[in-house]
Amino acid sequence: PLTDVTNKSLLPVYDKPLVLYPLQTLLDAGIEDIIVITGTEHIEQMAGFLGSGSQFNCRFSYRVQDEPKGIAQALGMAEEFVGDDDVCAILGDNIYFDNLSEHIRNFTKGSHIFLKEVTDPERFGIAELQNDRVVSVEEKPLKPKSNLAQTGCYVYDHRCFDIIRNLKPSKRGELEITDVTKWFVEQGEITATMLEDNWIDAGTFESLHAAAVAVRAHRQKIADTAKNAGMQSVKKEKTTA
């Protein structure tokens with residue numbers, strides 16, 4: 001019922017709409033040209049909220065995905081927008097507490113993904129590592145080879161669009177983003193970062209609630225750290241005086 005009212009990515013997480021968290025991940029990495037791809041139901045609300053991007057010091061374009069036929073299909077709709085550039089795609093319901101900026105800025109070729117250990121790997125695209133190298137990826141496997149989920153931020157060079165054009169739908173009837181990543185694995189052109197801090201895929205009621213709790217706790221931790229740093233500074237100044 002929540003998404004009968006508005007787009008999932010516009011639902012509140014603590015003190016702001018969910019979409020602003022992944023947006024901040026892109027902005028922190030210096031990305032200023034962003035295309036927002038969403039379904040038909042609430043595109044007007046999304047565009048009405050985000051606008052041109054001027055309030056975020058970026059530029060937004062918009063495309064409508066008429067049917068939910070997979071993340072890879074949605075990414076394929078950005079081909080003309082991206083051109084020959086590299087692309088960083090991030091899901092509108094993913095919240096990262098790690099700073100991904102360095103990995104995104106330093107990307108040069110192939111693919112880069114961000115992994116996180118999960119307790120329910122059968123719900124995710126799962127990566128298998130050998131000596132810190134990605135050797136396989138599978139989408140929602142019944143018998144996962146690891147518990148390392150491929151989280152919802154993907155960095156690809158422009159060849160990803162050639163791959164998407166030749167993809168066939170999965171058993172779910174979707175073009176799977178994991179199949180795009182798999183091509184780069186087969187070429188040996190993929191690197192991965194293990195996330196150290198929290199990551200939340202806020203796609204369920206429970207995870208949406210957990211996201212709000214986690215964001216609040218994270219903000220409080222930052223505030224407490226800043227307060228303690230200020231107290232230490234005052235003590236040092238008094239000691240010096």
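**Local contacts in the predicted model**

S146 sits in the loop that runs between strand 9 (133-139) and strand 10; strands here are DSSP runs of E with at least two residues, helices are runs of H or I with at least four, and both are numbered from the N terminus. This is a predicted model, so local features need pLDDT of at least 70 and side-chain atom pairs count only at pLDDT 80 or more, while totals for chains, interfaces and linings use all residues. Residues are numbered from 1 along each chain as its sequence is written, and side-chain values use heavy atoms, with hydrogens and water left out.

With 18% relative accessibility, S146 counts as buried (under 20% relative accessible area; exposed is over 50% and partly exposed in between, with a 1.4 Å probe and protein chains only). A polar atom of the S146 side chain lies 2.5 Å from the backbone oxygen of A127, and the side chain also gets to the backbone nitrogen of L148 at 3.1 Å. Setting aside residues up to four places away in sequence, S146 touches P121, I126, A127 and E128 (contact: heavy atoms within 4.5 Å).

Over in helix 2 (residues 20-28), L20 is buried too, at 15% relative accessibility. Apart from neighbours within four places in sequence, L20 is in contact with F49, L50 and F56. L20 and D93 are 73 residues apart in sequence, yet their C-alpha atoms are 9.4 Å apart in space.

Now for the rings. Phe, Tyr and Trp rings (the six-membered one for Trp) pair if their centres lie within 6.5 Å, and planes under 30 degrees apart count as stacked, over 60 as edge-to-face and the rest as tilted. That rule gives six aromatic pairs. Y156 and F184 make a stacked one, 5.5 Å centre to centre with 15° between the planes. Y156 belongs to strand 10 (residues 148-156) and F184 to helix 8 (residues 177-187), so this pair ties together parts that are 28 residues apart in sequence. Both Y156 and F184 are buried, and ring pairs link Y154, Y156, W183 and F184 into a cluster.

What about the cysteines? The structure holds zero disulfides (pairs of cysteine sulfur atoms within 2.5 Å). C88 is in no disulfide, and the nearest cysteine sulfur, that of C153, is 3.7 Å away. C88 is buried, with a relative accessible area of 17%, and C153 is buried as well, at 0% relative accessibility.

Note on methods. A polar contact is a pair of N or O atoms within 3.5 Å; within protein, one must be able to donate a hydrogen and the other to accept it, and residues adjacent in sequence count only if both atoms are side-chain atoms.
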